[in-house]
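Student: I would like to learn how to read a structure like this one, feature by feature. Where do we begin?

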Amino acid sequence: MQIFYIIYCIIVYIEYFPRIIKLIRTKSSNDYSLSSTVLSLLGMACWVLYIFSTEQDLVLYLGSFVDVILNVVFAVLVFKYHDKKE
């Protein structure tokens, strides 16, 4: 069943890169919702607390670690490039 988690991780990681690259290139995040970004971070925090409070496989820890890194990079860029005037 780990194969499904590995496939999930690959798909999620691939999904993050175009968004991060677009933010870096355009230096604008006005088309991203700040509230959705915050909710995503909160959801990720809950997930990480859950998996570290239970006994899990190394694959789950590693996958979640990379997911957290990508999520934080995305959130930092969204907040950094968000135009407060709009």
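Predicted model: local features only at pLDDT ≥ 70, side-chain atom pairs only at ≥ 80, totals over all residues.

Tutor: A search of the whole structure finds two salt bridges.

Student: Which residue meets R19 in a salt bridge?

Tutor: The partner of R19 is E15, and the N to O distance between their side chains is 3.1 Å. Both residues belong to helix 1 and sit four residues apart, about one turn of the helix.

Student: Are R19 and E15 buried, exposed or partly exposed?

Tutor: The cut-offs are needed here: buried means under 20% relative accessible area, and exposed means over 50%. R19 has 24%, so R19 is partly exposed. E15 has 38%, so E15 is partly exposed too.

Student: What does R19 touch beyond its sequence neighbours?

Tutor: Leaving aside residues within four places in sequence, R19 is in contact with Y32 and F74. R19 and F74 are 55 residues apart along the chain, yet their C-alpha atoms are separated by 7.7 Å.

Student: Which residue forms a salt bridge with D31?

Tutor: D31 pairs with K22, and their closest N and O atoms are 2.7 Å apart. K22 has a relative accessible area of 36%, so K22 is partly exposed.

Student: Now the overall layout. How many helices and strands does the protein chain have?

Tutor: The count is three helices and zero strands. Read from the N terminus, the order of elements is α-α-α. The C-alpha atoms fill a box of roughly 45 × 25 × 15 Å along the principal axes.

Student: What percentage of the residues count as buried?

Tutor: The chain has 86 residues, and 29% of them count as buried. Another way to read the fold is through its contacts. Take those between residues at least 6 apart in sequence: 79% of them join residues at least 24 apart.

Student: Which residues of helix 2 are buried?

Tutor: They are T37, M44, V48 and I51. These residues cover an arc of only 70° around the axis, which puts them on the same side of helix 2.

Student: Which residues are exposed on the other side of helix 2?

Tutor: On that other side, the exposed residues are L39, L42, C46, L49 and S53.

Student: What covers the buried residues of helix 2?

Tutor: The cover includes helix 3, residues 58-81.

Student: How do I read the nonpolar core, and which residues have the most contacts inside the largest one?

Tutor: The largest nonpolar core has 15 residues, and Y16, I20, L23 and F74 have the most contacts inside it. Helix 1 (2-26) and helix 3 each supply at least two residues of this core. Helix 1 gives the most, with seven residues.

Student: What does I20 touch?

Tutor: I20 touches L70, V73, F74 and L77, again not counting residues up to four places away in sequence. F74 has come up several times: I20 touches it, T37 touches it, and R19 is in contact with it.

Student: One last item is the backbone. What is the phi of K27 near?

Tutor: Phi of K27 is near 55°, a positive value in a residue other than glycine. K27 is placed in the loop between helix 1 and helix 2. Its relative accessible area is 51%, so K27 is exposed.

Methods: Residues numbered from 1 in each chain as written. Heavy atoms only, no water. Buried < 20%, exposed > 50% of the residue type's maximum accessible area, 1.4 Å probe, protein only. Arc of directions from axis to C-beta. Contact = heavy atoms within 4.5 Å. Core = buried A, V, L, I, M, F, W, Y, C linked by side-chain atoms within 4.5 Å. Salt bridge = Lys/Arg side-chain N within 4 Å of Asp/Glu carboxyl O.
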